[in-house]
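Have the viewer open and follow along.

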Amino acid sequence: MDSGLEPIPITSQKHDPAWKHCQMFKNGERVELKCIYCSKVFKGGGIHRIKEHLAGQKGNASTCSRVPPDVRALMQQSLDGVVVKKRNRQKLDEEITNIKPRPHGEVESLAHQDDVNSGIQFIGVPDTLEPDTTSLVVNREEGATSSRNADRRKRGRGKNSSARDAVGVGVSNSAGLGSKKVNNYVHMAIGRFLYDIGAPLDAVNSAYFQPMIDAIASGGSGILLPSYHDLRGWILKNSVEEVKNDIHKCRATWERTGCSILVDQWDSEDGRVILSFFVHSPEGTMFLRTEDASETINSSDALYELLKGMVEEVGEKHVLQVITTGSKEQYIAAGRRLTETFTSLYWAPCAAHSIDLILEDFGNIDWISEVIEQGRSITRFVYNHSEILNMVRRYTFGNDIIEPEATRFATNFTTLKRLVDLKHNLQAMITSQEWVACLYSKKKGGLEMSDCISNQSFWSSCNLIIHLTNSLLRVLRIVSNQKRPGMGYVYAAMYRAKEAIKKELVKKEDYTVYWDIIDHRWEQQRNLPLHAAGFYLNPKYFYSIEGDLHNDILSGILDCIERLIPDTKVQDKISKEIISYKNAAGDFGRKMAIRTRDTLLPAEWWSTYGGGCPNLARLAIRILSQTCSLIGYKRNQVCFQKLHDTGNSLEHQRLSDLVFVQHNLRLRQMVVKSNGQESIDPISSDNTSVVENWVRSKDIHLEPPVASYWMAVDPPSANTMLLGAANDEAEDLGTGFNDYEIFCSTKDGEEENAEDNVVV
């Protein structure tokens with residue numbers, strides 16, 4: 001063998017049968033293949049040329065004289081399969097090319113017809129879409145060679161491009177010949193597949209849907225699809241390795257940023273209680289595994305053992321806190337015992353869940369509940385009549401009057417705000433000639449809707465509710481944000497929420513009604529030193545305090561120093577470095593540092609300007625990198641049920657890996673898709689859990705059976721200029737925190753002690 005050749009291992013991902021009968025070497029920048037039977041070296045042509053060599057097919061390669069007969073037959077069978085695929089591809093090209101275009105006006109009219117089946121008639125389903133059963137081998141290398149050849153053909157082609165090029169190179173190219181026909185053809189095929197398997201239609205919103213389409217298109221029409229066993233086998237195995245590699249990269253950052261363990265509890269449809277375990281850090285949230293806790297959920301001892309095991313698995317030195325879904329007695333007991341065992345971490349209930357409970361209690365107040373029900377009388381009527389829904393969307397320029405939020409209690413208040421935002425549009429609609437001429441305006445629901453929209457008292461009540469709850473909704477969004485850790489903002493956000501209620505109602509006997517609700521649900525959060533420490537270490541807020549610092553904030557940072565830093569020598573160093581931070585000495589006082597207090601994320605600010613106080617900076621980065629809440633993710637109950645139902649240990653391991661991959665892929669795309677999502681359709685059953693009370697009709701058969709109501713509904717297309725641009729929730733918190741009544745959550749008779757809780 002030439003001394004310049006460097007052997008390259010052939011991985012298990014190379015599935016062409018010819019790879020088993022050759023060796024791969026690297027010669028400089030070139031990859032060469034060598035036949036193991038006759039030792040002939042091929043400096044080009046890829047695995048396809050090796051296959052022709054072994055099959056004895058003359059033309060592009062010499063024939064191997066030493067290959068065993070059975071291997072020669074196998075290689076010939078594989079080459080025959082390639083020929084069949086090319087023939088099928090040519091037939092598909094002919095089918096697409098022969099689709100006769102309809103006149104422009106006729107195509108436009110089809111878009112407004114009620115009978116969607118008309119699309120099937122002119123698109124058709126050619127027989128050439130039958131799966132290729134004669135070829136049993138996937139030739140990836142040949143596909144890559146074909147792709148390179150296609151690129152060369154593309155550079156040299158003239159004005160006339162075939163329909164096959166439109167499919168293979170990019171079906172979304174609207175400038176291509178017959179691109180609308182090709183798109184319709186592809187879209188109908190996708191639709192039939194999803195309908196056949198019963199998949200949720202929002203599957204097309206997956207971040208991995210377009211890459212899948214691109215990968216299929218790049219392989220051409222003859223690509224051989226993965227089998228059932230491929231998906232259960234090597235594909236799943238490779239996906240597990242990919243996810244584990246991602247977790248390994250995240251784990252490498254935990255030494256610097258620390259992490260939080262998240263424990264989500266939910267009830268499956270079959271009555272099981274499932275606990276899901278995650279690890280969150282600024283690099284992302286990672287799913288670890290699930291446990292069926294149906295038999296142990298009411299035992300604080302069992303919960304403690306589960307939480308203890310997770311801390312040990314992740315690493316005690318990395319974990320700053322363990323967050324659980326709720327704050328029931330068994331969680332409180334298990335959390336208290338956990339913090340006694342591990343003296344360098346905290347336990348906390350989910351902040352988002354606490355805010356949601358506050359919103360639920362607000363919604364149960366009689367006068368607020370009555371206003372919410374009035375708003376629902378409007379939306380229920382609108383969203384159960386296609387003619388009215390289309391009319392509303394025209395007058396609101398495509399906007400919906402329902403705004404789904406993460407929970408149904410939050411949706412109650414975001415929808416009231418949306419109604420107020422569109423108030424003038426709705427009033428213009430019910431005073432229009434179109435509304436007067438509409439038969440539905442004379443029905444009971446239409447009359448009630450007109451009365452409500454015309455009622456100034458309703459709008460005044462909505463405005464008051466918005467002023468009471470808007471700041472709480474802001475807290476919910478801050479603590480649920482996937483890109484900006486909430487620990488540096490939650491304390492200030494809750495301060496602003498109580499401040500807004502006090503300013504709106506003025507009288508103590510009025511605003512304390514709502515403060516008492518907040519204090520009751522927020523008690524566990526208020527006692528968490530991490531929140532106060534996050535406020536203290538966020539330069540945006542710390543340097544905005546004029547005068548004295550409230551004792552609760554100082555106690556919070558001191559508690560975190562003692563608990564999170566076991567080494568007393570390091571504690572003493574941090575105490576000295578705090579003086580530099582307080583006086584804005586050294587790099588903290590640079591003009592750049594002062595300008596970027598408001599623009600950089602708090603942890604980034606410390607990373608940039610905290611070099612002179614390394615011990616305090618390390619603690620600040622770890623605290624400010626933490627979340628305050630669990631993440632909201634879409635669960636697949638079918639997978640969970642299969643996982644916990646199977647009695648076979650091997651299949652249980654496989655299903656565990658499947659759930660592991662599925663959840664981590666969904667978590668990964670949550671951050672990727674956090675911006676630029678399409679408008680959510682409130683009617684969709686995918687949003688039932690949060691909007692049901694706003695769209696559910698008492699009578700499901702509202703329109704005549706002959707009316708094709710859903711086919712006549714215009715799709716939503718939000719006009720953001722009409723609603724106003726979305727603001728950065730954290731940037732809106734402002735500066736200045738000097739109301740000691742808010743800090744102390746004082747009750748009657750406690751005001752005189754408020755001034756005592758101040759340190760200079």
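## A loop between two helices

Let's start with Val-506, which sits in the loop between helix 22 (490-505) and helix 23 (508-526). Helices here are DSSP runs of H or I with at least four residues, strands are E runs of at least two, and both are numbered from the N terminus. Val-506 isn't a glycine, yet its phi is positive, at about 65 degrees. Most residues other than glycine have a negative phi. Val-506 is also exposed, with a relative accessible area of 61% (exposed means over 50%, buried under 20%, partly exposed in between, using a 1.4 Å probe and protein chains only).

## About the model

This is a predicted model, where local features need pLDDT of at least 70, side-chain atom pairs count only at pLDDT 80 or more, and totals for chains, interfaces and linings use all residues. Residues are numbered from 1 along each chain as its sequence is written, and side-chain values use heavy atoms, leaving out hydrogens and water.

## A loop between two strands

Ser-39 belongs to the loop that links strand 3 (30-35) and strand 4 (41-42). Not a glycine either, Ser-39 has a positive phi of about 65 degrees. Its relative accessible area is 43%, so Ser-39 counts as partly exposed.

## A buried leucine

Now for Leu-530, part of helix 24 (residues 529-537). Its relative accessibility is 0%, so Leu-530 is buried.

What does Leu-530 touch, once neighbours within four places in sequence are set aside? The contacts (heavy atoms within 4.5 Å) are Leu-320, Gln-321, Tyr-346, Met-487, Cys-560, Leu-564 and Ile-623. Ile-623 is 93 residues away along the chain, but its C-alpha lies 7.0 Å from that of Leu-530.
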